[in-house]
Amino acid sequence: MIPTPDRGPSRRQMLKGAAVLGGSAALAGLLWQTATDDDSASPSASDSGSSGTQDDGAGGSDLDTLAGAVVGVLGQDGIPAIDEPTFVPASEADFLADDEPVFGLVRGGEVRAYPQLVLVWHEIVNDVVHGVRRVVTYCPLTGTVIGFEPLREFPDITFGTTGSLVNSNLLMYDRATGSHWPQVLGTAIRGELRGTRLDAFPLLWSTWAAWRAAHPDTQVLTTDTGFVRDYGGDPYGSYTDDNGYYAEGDPWFPVLNSDDRFDPKEVVVGVRSGNAQLAIPKELIRERGRVDTELGGTRLRATWHDALDTAQVVRRDDGDPADFLDAMWFAWYAFYPDTKVLA
Amino acid sequence: MNRGTHPAVRALAGIGDAWDGMVHAVRRTPIRVREAVAGRLPRRIGVVAGAVMLLLYLVSIGDVAVSLSGRWADAGAVQLAVDGLFRSRAPYLFEPVAAVYLGAHLAVFFSPVNLLLGLVIAVLVAANIAMAVHASHTACARPGYTRVLGVLPAFLLGFACCAPTFVLALGAGGAAAVLPVLLPLRPVFYPLALLLLLGALVWSTHRLESLAPADQPAPADWPAADGGPRHRSN
């Protein structure tokens, strides 16, 4: 409406304009409120503990700092855990090329290989190994593979992905209490089991050809997972072609601590003993063949296995496996900024 | 002559006028869209643009995948997981229920819900492009790219809402820079894309409405049967 020359803009138009402004402001405020709401309903923190070990995170950051550093990426179980894994003998695994990375497990007489090309889409396998519920976990962003034993109170415990990350690492939740567990730490940072630490066991990062040669009787996890996925495709990069996220570049997500002593994606063998941690560049173990060291009062030996193309760390006193895992340097340091480093 | 009206009052009244203009444009949009798609050329170009958009959307969310190395040579023809139909992986991203391998190089991970969401975006893009083509046939047409530019943010947002692959295409460095900004906005991307595309349609209508009658685009089935431009006035 063109204002008539001798009367100025009509009162009605003015009121309309005011109403539009007011309505827009209210709508904008409402949208902002919705967008900045903390969407993940965090279970209430409590001090109750359970079996496993009680600690404060045994790393650089306390549990509250970690809980405050959670970054939401996908919905819960947007990356679905495998709850009904199917295995076949090595001779039937025609979907695996020789150079594909696999994560090998020998436990209680069972020998299993978990291919990276399957785990990259699921990150968690709730498995039963030798009659015991055990969970095998893999976080593609931090290059870490860790197995966990069940808790005494929850012998049938299973895990899923929250869809969120801490220090760019997979944040799991347990289906018994809904507590949140960063994979590398294995200590719950939120929920009823906050402060409880899972007992971890190592898997060996090898290749299909090497693992199968060393363990001809191995079973291997198949792509028959109950989900439709592009197995063989990898959304992050490639280990076989050494490119993409795995090969180079900075982390994609914020980390609490960083250090440029090594390239962020350089693989270190991280060892934990008591409240102390040690990082040994994997290449160093390959070069030297064997590295003897000491950590937190425990004597350790890191050995290179040519046959499996990987490293293993044992306690020298009893020969048992130490608590060790391959990790990208940035991720190890993010959780353990006080880590000792062997160079 | 206006009495000394306060600039604020004039501004408010201006907003009121703009609101009226927008309401009018919204009412006229279905008519203008119908008018646009009635023309053979705008309709065809619109459909092609919509189809391309749908394909790009499905590729960006990973529902359509191409393997140059032909890694699906040994895959069976179809794989099913029907109970995933309404299971969401991320905002506006749903589980595929079937994998269909078309030869060794092409795979479709079919999610009906993702397809539907993509179709909605594709239809809106088609409508926008048809309007742009239709409106470009005016006597005082501005260069067509300004209208296309208006639709572009909606394209990008449509990808970004559910597309880890889109972000990955930026390269590792790009991802680190962009993800902290994009992630909190994820739940918003798809509705925002819809809003922008609808807004672009209304805006195109508004522009057409404000043209003088002599400058209006020619009626449907332009160009004329003899291939030459229609004569409009006189």
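## Salt bridges and the contact between the chains

A salt bridge is taken here as a side-chain nitrogen of Lys or Arg within 4 Å of a carboxyl oxygen of Asp or Glu. By that criterion the side chains of Arg71(B) and Asp230(A) meet in a salt bridge, with an N to O distance of 2.7 Å, and the count between chain B and chain A is three salt bridges.

This is a predicted model, in which local features need pLDDT of at least 70 and side-chain atom pairs count only at pLDDT 80 or more, whereas totals for chains, interfaces and linings use all residues. Residues are numbered from 1 along each chain as its sequence is written, chains are lettered from A in the order in which they are written, and side-chain values use heavy atoms, with hydrogens and water left out.

Contact, meaning heavy atoms within 4.5 Å, involves 37 residues of chain B and 36 residues of chain A. Chain B and chain A bury about 2,900 Å² between them, 61% of it on carbon and sulfur atoms; buried area is the accessible area (1.4 Å probe) that two parts lose on being put together, summed over both.

## Salt bridges in chain A

Over all chains, a search of the whole structure finds 23 salt bridges. One of them joins Glu149(A) and Arg134(A) at 2.9 Å, N to O. This pair links distant parts of the chain, since Glu149(A) lies in the loop between strands S8 (144–148) and S9 (159–166) of chain A and Arg134(A) in strand S7 (residues 132–139), 15 residues apart. Both Glu149(A) and Arg134(A) are buried, a term for under 20% relative accessible area, with exposed meaning over 50% and partly exposed in between (1.4 Å probe, protein chains only).

Asp292(A) forms a salt bridge with Arg301(A), the closest N and O atoms being 2.7 Å apart; here Asp292(A) is partly exposed at a relative accessible area of 36%, and Arg301(A) is partly exposed at 25%.

## Helix packing in chain B

In chain B, helix H1 (residues 7–38) and helix H7 (residues 186–209) pack at an angle of about 95 degrees, with their axes 8 Å apart. H1(B) and H7(B) are therefore roughly perpendicular to each other, the class for angles of 65 to 115 degrees. Among the residues making the contact are Arg28(B) and Arg32(B) of H1(B) and Glu209(B) of H7(B), and the residues of this contact divide into seven nonpolar, five polar and three charged. Arg28(B), Arg32(B) and Glu209(B) are also linked with Glu35(B) in a network of salt bridges.

Note on methods:
Axes are lines fitted to C-alpha atoms, for helices over the stretch in contact, and angles run from 0 to 180 degrees between N-to-C directions. Helices (H or I, at least four residues) and strands (E, at least two) are DSSP runs, numbered from the N terminus. Angles under 35 degrees count as roughly parallel, over 145 as roughly antiparallel, 65 to 115 as roughly perpendicular and the rest as oblique. Ala, Val, Leu, Ile, Met, Phe, Trp, Tyr, Cys and Pro count as nonpolar, Asp, Glu, Lys and Arg as charged, and the others, Gly among them, as polar.
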